[in-house]
Amino acid sequence: PSDTPLDYRYQIKLKSAGQQGVVSLRLPKDVYLNARSASLNDLRLFDANGNKVPFSLYLPAVQSHLQRNTTPVIVFPVLADKAPAAGNQLELDIQTSANGSLLSVKTRGEQKKSGTKPALQSLIMDLQPALSSGGTAGNGSNTKPLIDGLRFTLPASVSNYSAQVWLEASDDLQHWDTIGTAELAWLQNSETQTLASDKLEFEPRRFRYARLSWRKGEPVEFTAITAQTVTQIANAPATDTMEIQPQAGKEGQDLLYRAALAIPVESLNLQFVEPNIVFPASIGSYQELPSKKAGVATTWRFVPLQQATFYQIRQNDKQRQSGEIVLPVTHNAEWIIRPQGPTTSKPVMQISWQPASLIFVTSGQPPYQLAFGRDNIGSAAMELSQVAPDFSIAELQKLEQLNPGPLQQNAAPVQRPLRAH
């Protein structure tokens, strides 16, 4: 059976620099609007001579990476005439502000009047600056970032130093957990070059306060202590959007929005012209119910997918709007909004989806031509491993991106069924 570019209603020419063996095309919106299959079965790729070019459809997953920042912490030295007995801790008077920030740390009780200067026993740290600058997580939540290490700066007057330190963490200054220990060391040679082991690392965790104590070596008040925060940043794949004007539905106040069957809708929103409106509604589609009796008209049933309350409200000189409604990936040629109360509003619908990437080997004669728009044919897409074998996710993300040309339409395409193999 015939399977040439002329057998398809639409074509898009692809432009390539021609320097890479494997290239990628982010499927343009025109493909989704005009393809005749929800699975893009009618997608074909041809070279300049009309030969079919093998390709794969690839849907990039959400990728994430760790971002590390260093931020100074606020340090409060704990001074006392003598160190506490083994296994005990000094009793402290700690003052904090309403938001938990440390204001002062003092040992409880009177100091001896011996004239001796109190010695440094430990350091209490407030990590609020590190938490504030660590940013928000990739999913948008405002949680505290993870902390996985502290770095210490030795006073300029000290050139050689070594000690074993222990670190405890707390969120309430009452309960402390030991989270790490380290051998800190600075060694300076005759040429004033310093070899430093100046970091205490531990398993990433979230905490507000820290306490540093010495097990070996002379306690020293470090010039600075910085915390290393770890934040996971999500790199969401690119999305396409489309706005659709409403039409009258088949029943009551139903609003009908004509989309395209091939669009894998992932989220949906409504845009209002009214400055103040609350719009509870059901989101769904119509299902045809063929009549079992001759001469009786076909009926339609509304199939709800999800319920939501859309709104747009002006309050205190600020605009409040409902966000996108996240849906399971759904293919509907028509979307129905059924209001849950009386209304005359006719909002515009905005749908969003993640376009697939078409990946192929530039083995044919360019320019290449993407064809689509044909009924009753099977898919020609191949497994990714058969098109880009042994390519990592990172390599796929860096493939040369082709530029699609304008949409072209055949005047009278041949629509002959093609058997699926």
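Modeller: Strands here are DSSP runs of E, at least two residues long, and helices are runs of H or I, at least four long, both numbered from the N terminus. Asp317 lies in the loop between β22 (299–315) and β23 (318–321). This is a predicted model, in which local features need pLDDT of at least 70 and side-chain atom pairs count only at pLDDT 80 or more, while totals for chains, interfaces and linings use all residues. Residues are numbered from 1 along each chain as its sequence is written, and side-chain values use heavy atoms, with hydrogens and water left out.

Colleague: Why is Asp317 called exposed?

Modeller: Exposed means over 50% relative accessible area, buried under 20%, and partly exposed in between (1.4 Å probe, protein chains only). Asp317 has 69%, so Asp317 is exposed.

Colleague: Is Asn376 buried or exposed, and why?

Modeller: The relative accessible area of Asn376 is 65%, therefore Asn376 counts as exposed.

Colleague: Why is Gln164 called buried?

Modeller: Gln164 has a relative accessible area of 18%, and the limit is under 20%, so Gln164 is buried. Gln164 sits in strand β11 (residues 161–170).

Colleague: What makes the pairing of Gln164 and Glu183 a polar contact?

Modeller: A polar contact is a pair of N or O atoms within 3.5 Å; within protein, one must be able to donate a hydrogen and the other to accept it, and residues adjacent in sequence count only if both atoms are side-chain atoms. The side chains of Gln164 and Glu183 are joined at 3.0 Å. By contact (heavy atoms within 4.5 Å), Gln164 touches residues including Thr181, Trp214 and Arg215, not counting residues up to four places away in sequence.

Colleague: Which residues touch the most other members of the largest nonpolar core?

Modeller: A nonpolar core is a set of buried Ala, Val, Leu, Ile, Met, Phe, Trp, Tyr and Cys residues joined through side-chain atoms within 4.5 Å. Leu27 and Phe360 touch the most other members of the largest one, which has 45 residues. Strand β21 (residues 277–289) gives the largest share of this core, four residues. Apart from this core lies another, of 29 residues, among them Leu127 and Phe207.

Colleague: How do you know that a cis peptide bond joins Pro366 and Pro367?

Modeller: Omega is about 5° for that bond. Pro367 is in the loop between β27 (357–361) and β28 (368–372).
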